Each structure stands twice: as C-alpha cells, then as structure tokens.
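Me: I am new to this structure and would like to know what stands behind the terms used for it. Please set each value against its definition.

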Amino acid sequence: WFRVDEAVVHDPDFIAMAQIAIDEVARDRSWFEAKILRQYLALFGDAVGSARDVASMIAIHTRRLAEDFATQPAFLQLCQRAFHSYLRAAINGADPRTAYFVLHQYRVLGESLLMKGLEPPVFEVADRICFYGRLAHSRGLPFLLEVAAYDLAQLVEAAADDRAMRDTLLERLMAVEHEGAQHLPGVCRAQMQLATFFLLRGEDEPAQRIARNLAVDRARLLAATRDELEREVSPSYWEINDRGANFAYLPPERRAKLDAFFAMLRALQ
C-alpha cells in the first residue's frame, strides 16, 4: 500500500513532481495523503475569486485533518504546506477575503497545536502568517498584513501562560512589518490591544516591550488608534462575515488599561 510504484509515480497528481519530492513521499509513506491535499489545492485554486465558500470549506477541512493527525509530523507538515499554498493562491489571485479566512483557520490550528504542546509547528504557523502578511502587503493588499498582526496577537494571548513561548511569539508580532517601515494602523492596533491584555494580567514587562516597539510611531497614529479602541463598543463586526469578530473591539476591562499603556509611551518619548 505505501510503496511508491509506477502507478503512483505516473498518477496525474504526481507525474510532474521532481524526484526529490517523490522520494519524500516515499520516505514518509504518505502518497495517499499527499494526493488528497493536492486535489484540495487544485479545487482551492479553482475556487479563488469565484467560489469563496468552497475555498473556506477546504481550509476548514484541512485544519481538522491537521488537528486529528497532529501527532504524525509528516502529515501535519503536509497540511501546513497546504495552508501555505492556499495563502499563496489567494494572494496571487488578489482575493483578500479568501486569504482572510484561510489566515483565521491557520491561526486556529496554531492555537490547537499550542494546546497539544507542539512548539515547532506553532512557530511555523507564526512565521508563515508573518511571511504571507508581508507578501500580501507587497502585492498591494495591506489589509492582510493587519489581519496577520491580529492573528499573531491572538496566538500570543493563547501562549500567555508559557513565558518562553509567549516571548518568542511576541517577537514575531513586533517584527511583522519590515524593519524601518511605518506601522499600519491595524498593526499598531493589534499590538496596543495585546499590551492591554498583559496589563490586565499585571504583567508590565511585555507591555513595556510593545510600548518600546510602538514609541517610534507618529503621535497622531497612536492617538487615532487609541480613539478607535475607545470608541468601538461592539465585539461583533457590523457586516456578515465568517469570522464574526470586530478587530477594533477592546473589552471594557482592557480599555481601562489604555491610560497606563500611554503613560509608558510618554515615558519613552
């Protein structure tokens, strides 16, 4: 069953694969799983820009497969590669809404892997969210970099009780934009929201790190971001979408920590 014989090599899903890729499938005994995910990717590519509900369901099923078989490293890696390919296809197809939903499913997978204590694939999730957010920004889709920052902040919160993991993921978030670039409003907002999360927990040190990272930004941008967070009172987004979350919403108890965070910023300026 697991042998990569002539029938497998000449299958339409494998015939164009380089020998090194065929060797990897043979080593991991994963030709069947690889075939399924390659067909998922083909369907996903056809759905980009025209059948977003199909693309969304493919992302959901890929995430569920990865969660169910997370203890099998080769298959988990295949699923993660599928997510990366979905993001590439959506960005290349200039379909930010599909990429937006795939990022959400990938972040949910990261949280699930975090709960299972699987650190290396969690870091892979964070690194690729950062990579594809940057790629989207370079392709004229800056909104997706803001979404990436939001999702990275959610991962940091999920890892809050593991200091080493938390700090590593926080570094990913603070480096999500290219060095020297001005923060996008959504990136600034995600980091500011995360700072209030730490302040509410009584953890000043990570909030200070975020303050130092944001202190180089223009005062007008920081003030506008604070105004948005204080003004938004609905946790649900005002349009129908699959995520449902309002990225600009900050719970009242965290909103109350904005004064303390801005005091940190003023001390650095």
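Reply: By the rule used here, the count comes to 20 salt bridges. A salt bridge is a side-chain nitrogen of Lys or Arg within 4 Å of a carboxyl oxygen of Asp or Glu. The model is predicted; local features need pLDDT of at least 70, side-chain atom pairs count only at pLDDT 80 or more, and totals for chains, interfaces and linings use all residues. Residues are numbered from 1 along each chain as its sequence is written, and side-chain values use heavy atoms, with hydrogens and water left out.

Me: Why is the pair of aspartate 95 and arginine 52 called a salt bridge?

Reply: The N to O distance between their side chains is 2.9 Å, and the limit is 4 Å, so the pair qualifies. Aspartate 95 lies in the loop between α5 (73-92) and α6 (96-115), and arginine 52 in helix α4 (residues 52-68), so the bridge ties together parts 43 residues apart in sequence. Helices here are DSSP runs of H or I with at least four residues, numbered from the N terminus.

Me: What makes aspartate 95 buried?

Reply: Buried means under 20% relative accessible area, exposed over 50%, and partly exposed in between (1.4 Å probe, protein chains only). Aspartate 95 has 1%, so the word is buried. Arginine 52, at 39%, counts as partly exposed.

Me: How do you know that glutamate 205 and arginine 166 form a salt bridge?

Reply: Their closest N and O atoms are 3.8 Å apart, which is within the 4 Å limit, so the pair counts. Glutamate 205 lies in helix α11 (residues 204-214) and arginine 166 in helix α9, so this bridge ties together parts 39 residues apart in sequence. Both residues belong to one network of salt bridges with shared partners, which also includes Asp161 and Arg209. Arginine 166 is buried at 3% relative accessibility, while glutamate 205 is partly exposed at 36%.

Me: Why is the count of disulfides zero?

Reply: A disulfide is a pair of cysteine sulfur atoms within 2.5 Å, and by this rule none is counted. Cysteine 130 is one example: the closest cysteine sulfur, in cysteine 188, is 17 Å from its own, too far for a bond. Cysteine 130 is buried, with a relative accessible area of 10%. Cysteine 79 is buried too, at 0%.

Me: Why is a set of 86 residues called a nonpolar core?

Reply: The name means a set of buried Ala, Val, Leu, Ile, Met, Phe, Trp, Tyr and Cys residues joined through side-chain atoms within 4.5 Å. The largest such core has 86 residues, and Leu169, Leu194, Ile210 and Phe261 have the most contacts inside it. Beyond its neighbours within four places in sequence, isoleucine 210 is in contact (heavy atoms within 4.5 Å) with residues including Leu170, Met174, Leu194 and Phe261. In soluble globular proteins, nonpolar side chains tend to be buried together.

Terms used
Helix = DSSP H or I, 4+ residues; strand = E, 2+ residues; numbered from the N terminus.
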